[in-house]
Amino acid sequence: MEHGSHSRSTHSNFVGNETTNIENANNNINDNIENQHLQETGDEEIHMPIKNVTKIMQQAIPPDGIISKDAKESTQLCVTEFMNIVTNEANERCKAESRKIIRGEDLIWAMDKLGFEDYVGPLLLFHKKYLNHEAQLSNMPFEHEFKKDGSGASGSNIGGDIGKI
């Protein structure tokens with residue numbers, strides 16, 4: 001009988017130790033999660049919106065294709081890292097030239113310097129078209145702006161009878 005009582009005692013100690021170990025592990029996990037959360041809030045990284053990443057990814061697959069959540073998130077992280085690398089390179093150029101504003105040309109220069117020379121030509125062409133479009137918009141008069149009350153840009157309403165009884 002002593003043998004049986006000894007094994008029960010050992011079994012209850014084992015279960016007790018196992019429960020204690022699980023509780024300790026859970027506490028450690030919770031502490032790690034809290035610490036990780038505190039670190040993230042102190043140094044959060046800005047990511048490209050996942051909807052934008054998904055929209056771009058869907059253009060590259062068949063219409064009935066499905067993209068997993070992990071694939072979207074991984075691509076989001078890669079895009080963010082790529083943008084950080086290119087922007088940092090462009091920023092170094094601006095610092096060397098004592099400038100504070102990164103321009104489109106700086107980003108294209110950085111892409112070339114980082115070995116993405118195949119993209120430089122198309123990017124320069126697109127950038128030129130963008131600048132021309134912006135110049136056209138800034139020179140365009142906006143005579144047909146309307147306010148919430150229905151009046152035109154000059155403040156007068158068409159026909160003059162709006163608001164008359």
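Predicted model: local features only at pLDDT ≥ 70, side-chain atom pairs only at ≥ 80, totals over all residues.
1. Overall make-up. The chain has 5 helices and 0 strands, so the order from the N terminus on reads simply α-α-α-α-α. Of its 165 residues, 12% count as buried. The accessible surface comes to about 14000 Å², and carbon and sulfur atoms account for 56% of that surface. If you take the contacts between residues at least 6 apart in sequence, 30% of them join residues at least 24 apart.

2. α2 on α3. On the α2 side the contact uses Ile50, Val53, Thr54 and Met57; α3 brings Ala71, Lys72, Glu73, Thr75 and Gln76. Sorted by class, the residues of this contact are 4 nonpolar, 3 polar and 2 charged.

3. α3 on α4. The axes of α3 and α4 come within 8 Å, with a crossing angle of roughly 110 degrees. This pair, too, is therefore roughly perpendicular. From α3 the contact draws on Phe82, Val86, Thr87, Glu89, Ala90, Arg93 and Cys94, and from α4 on Glu105, Asp106, Leu107, Trp109, Ala110, Met111 and Lys113. The class count here is 8 nonpolar, 1 polar and 5 charged residues.

4. Glu89, one of the charged residues in that contact. Glu89 sits in helix α3 and touches Trp109, Ala110, Lys113 and Leu114, leaving out residues up to four places away in sequence. With Lys113 there is a side-chain polar contact of 2.8 Å. As for Trp109, it lies 20 residues from Glu89 along the chain, and the C-alpha atoms of the two are separated by 8.8 Å.

5. The loop between α3 and α4. Ser98 is worth a look when you check backbone angles: its phi is positive, about 55 degrees, although Ser98 is not a glycine. Ser98 lies in the loop between α3 (69–96) and α4 (104–113). Is Ser98 buried or exposed? Its relative accessible area is 68%, and the cut-off for exposed is over 50%, so Ser98 counts as exposed. There is also a positive phi after α4, near 100 degrees, at Gly115.

6. Asp106 is found in helix α4. At 0% relative accessibility, Asp106 counts as buried. What does its side chain pair with? A polar contact of 2.7 Å joins the side chain of Asp106 to that of Arg99. Beyond residues up to four places away in sequence, Asp106 touches Ala90, Arg93, Cys94, Arg99 and Ile101. I'd look at this spot in the viewer.

7. The buried side of α4. Besides Asp106, the buried residues of α4 are Ile108, Ala110 and Met111. Which helices do they pack against? The buried residues of α4 pack against α3 and α5.

8. α4 on α5. The axes of α4 and helix α5 (residues 117–139) come within 9 Å and cross at roughly 170 degrees. The cut-off for roughly antiparallel is over 145 degrees, so that is how α4 runs relative to α5. Gly104, Glu105, Ile108, Met111 and Asp112 of α4 meet Glu117, Tyr119, Val120, Leu123, Leu124, His127 and Leu131 of α5. By class this contact has 7 nonpolar, 2 polar and 3 charged residues.

9. His127 belongs to helix α5 and has a relative accessible area of 15%. Buried means under 20%, so His127 counts as buried. Setting aside neighbours within four places in sequence, His127 is in contact with Gly104, Glu105 and Ile108. With Glu105 the side chains also make a polar contact, at 3.2 Å. Glu105 is listed in the α3 contact of α4 as well.

Key
Residues numbered from 1 in each chain as written. Heavy atoms only, no water. Helix = DSSP H or I, 4+ residues; strand = E, 2+ residues; numbered from the N terminus. Buried < 20%, exposed > 50% of the residue type's maximum accessible area, 1.4 Å probe, protein only. Contact = heavy atoms within 4.5 Å. Areas by Shrake-Rupley, 256 points an atom, 1.4 Å probe, with all protein chains shown as cover. Axes fitted to C-alpha atoms, helices over the stretch in contact; angles between N-to-C directions. Parallel < 35°, antiparallel > 145°, perpendicular 65-115°, else oblique. Nonpolar A, V, L, I, M, F, W, Y, C, P; charged D, E, K, R; others polar. Polar contact = N/O pair within 3.5 Å; in protein donor to acceptor, adjacent residues only side chain to side chain.
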